[in-house]
Amino acid sequence: MTQKYSPRRHRPVLALAAVLLATCGAAWGSVASTVPPLRPITVNLQDKAALRNGALYAVHMCVACHSLQGVRYSSLAKVLGLSRAQFLATIGTNGQHYHDTITSNMPAALMEAYVKIAPPDLTVIAERRSPAWLYTYLTSFYVDPSRPTGVNNTVRYNVAMPDVFASMQGLQKPVVVEGLRFGSPAKVAVGVQPLTQGTMTKAQFDQTARDIVSFLYAVAHPHQQERERLGPWILGLFLALSILTYLLYKLYWSRVITSKERWWRIGR
Ligand code: HEC
C-alpha cells in the first residue's frame, strides 16, 4: 500500500523547526558586537633583554594589584636567564622570599572596596588571552568620564582596572564608530588616539607594552623553549625507532614460510 505524501502531516514539525531556527538565529544575532582590531605582536622568547624589561614592570607595577601565582620568584630567574644573585640584584622579590609564589601585597578586600572587583591572577589571564589581545589591551586605555576610574578600554569594555600607564603613555581619546554592542546599536570605541604627551614616546611605550606581554607569555608557558629544543630530537627518535622496527619486521618475516611459498620450499 502506498501512502501519499501530505505536507499537512508535517506542518507542526516544520513549524517547530522554523521557530527553533529563528530562535537560534536571533540568539546568534543578539551577541553580534563590533570587535576592535587587535594589534599584531611577535613574542620572541630568546630576547632575554625584552623579557627582563617586562619582568621589571610586571613585578613592580602589576604585582601591586595582581598576583602571578603560577610561578615563584625562583622560577622567574630561570625564565629570564639570570642567576639567583643577578635576579635579586636587578629585579628583586618585593620583600618576599626567593622561593615564594608571586602574590600581591594588596589585600583583595581593599581592592574590592576600591574598584569593586579583585584583580585576576595574571598567570591565568596570560594563559587564556592571546598575546595580541594583551598587547592591544595594555595600549588601549582611553579617557571616559562616565567610568569610576575615569578610563575605559577598547577590547575590554567597562574595565575596572585603572589606567596605570597614564603618566608613561599620556592620556588617550577613543576613535568611535557606530556599531553593535551585544546586538544593540551603540557607539563603539575601535581604536585610540593620543590626547596628552606622557614621559615616553609612542614607540617607547609600545615597546614597553610588548616587553610586558612577552614576559607574561613566557611565564604562562614556562616549558615552551624546552619543548622547542627537544621537539626535533623526539621526532628523530621516533623516526629511528620506526626504521629499526621495520628492519626487525623484515628479518622475522624472512624466516617465516608463508603458505604461498611452501610448495617450493618444502620440495627442497
Ligand atoms: C591599581 C590596581 C591594578 C594595577 C596596578 C594593575 N591592574 Fe590589571 N586589573 C586590575 C583590576 C581591578 C582588574 C579587573 C578588571 C575587570 O575585570 O574589569 C584588572 C584586569 C587586568 C587584566 C584582565 C583583563 C581581562 O579581562 O582579561 C589584565 C590582562 C591586566 N589587568 C593586566 C595588568 C598588567 C599587565 C598590569 C601591570 C602593567 C596591571 N594589570 C596593573 C587592577 C590593576
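This is a predicted model: local features need pLDDT of at least 70, side-chain atom pairs count only at pLDDT 80 or more; totals for chains, interfaces and linings use all residues.
## The chain overall

The chain holds eleven helices and six strands. It runs to 268 residues, and 24% of them count as buried. Take the contacts in the chain with a separation of 6 or more: 71% of those come from residues 24 or more positions apart.

## Around the ligand

There are 22 residues around the ligand, and the ones that come nearest are Cys62, Cys65, Pro119, Ala160 and Met161. Sorted by class, the shell has 19 nonpolar residues, two charged and one polar. As for where they come from, helix α7 (residues 131-139) gives the most, with three residues.

## The β5–β6 hairpin

Strands β5 (residues 172-181) and β6 (residues 184-194) run antiparallel, joined by ten bridges. Together they form a hairpin with two residues between the strands. Phenylalanine 182 sits in that turn and has a positive phi of about 50°. If you want a pair to look for across the strands, glutamate 178 stands opposite lysine 187 in β6.

Carry on to the loop between β6 and α9 (202-220) and you'll find leucine 195. This leucine counts as exposed because it has 12 other C-beta atoms within 10 Å, and the cut-off for exposed is 12 or fewer.

Leucine 195 still has partners from elsewhere in the sequence. Leaving aside neighbours within four places, it is in contact with Val143, Gly170, Leu171, Gln172 and Lys173. Glycine 170 is 25 residues away from leucine 195 in sequence, yet the two are 7.0 Å apart in space, C-alpha to C-alpha.

Terms used:
Residues are numbered from 1 along each chain as its sequence is written. A residue is near a molecule or strand if its C-beta atom, placed from the backbone, lies within 6 Å of it. Helices (H or I, at least four residues) and strands (E, at least two) are DSSP runs, numbered from the N terminus. Ala, Val, Leu, Ile, Met, Phe, Trp, Tyr, Cys and Pro count as nonpolar, Asp, Glu, Lys and Arg as charged, and the others, Gly among them, as polar. Two strands pair if DSSP finds at least two bridges between them. A residue is buried if 20 or more other C-beta atoms lie within 10 Å of its own, exposed if 12 or fewer, and partly exposed in between; C-beta atoms are placed from the backbone. Two residues are in contact if their C-beta atoms, placed from the backbone, lie within 7 Å.
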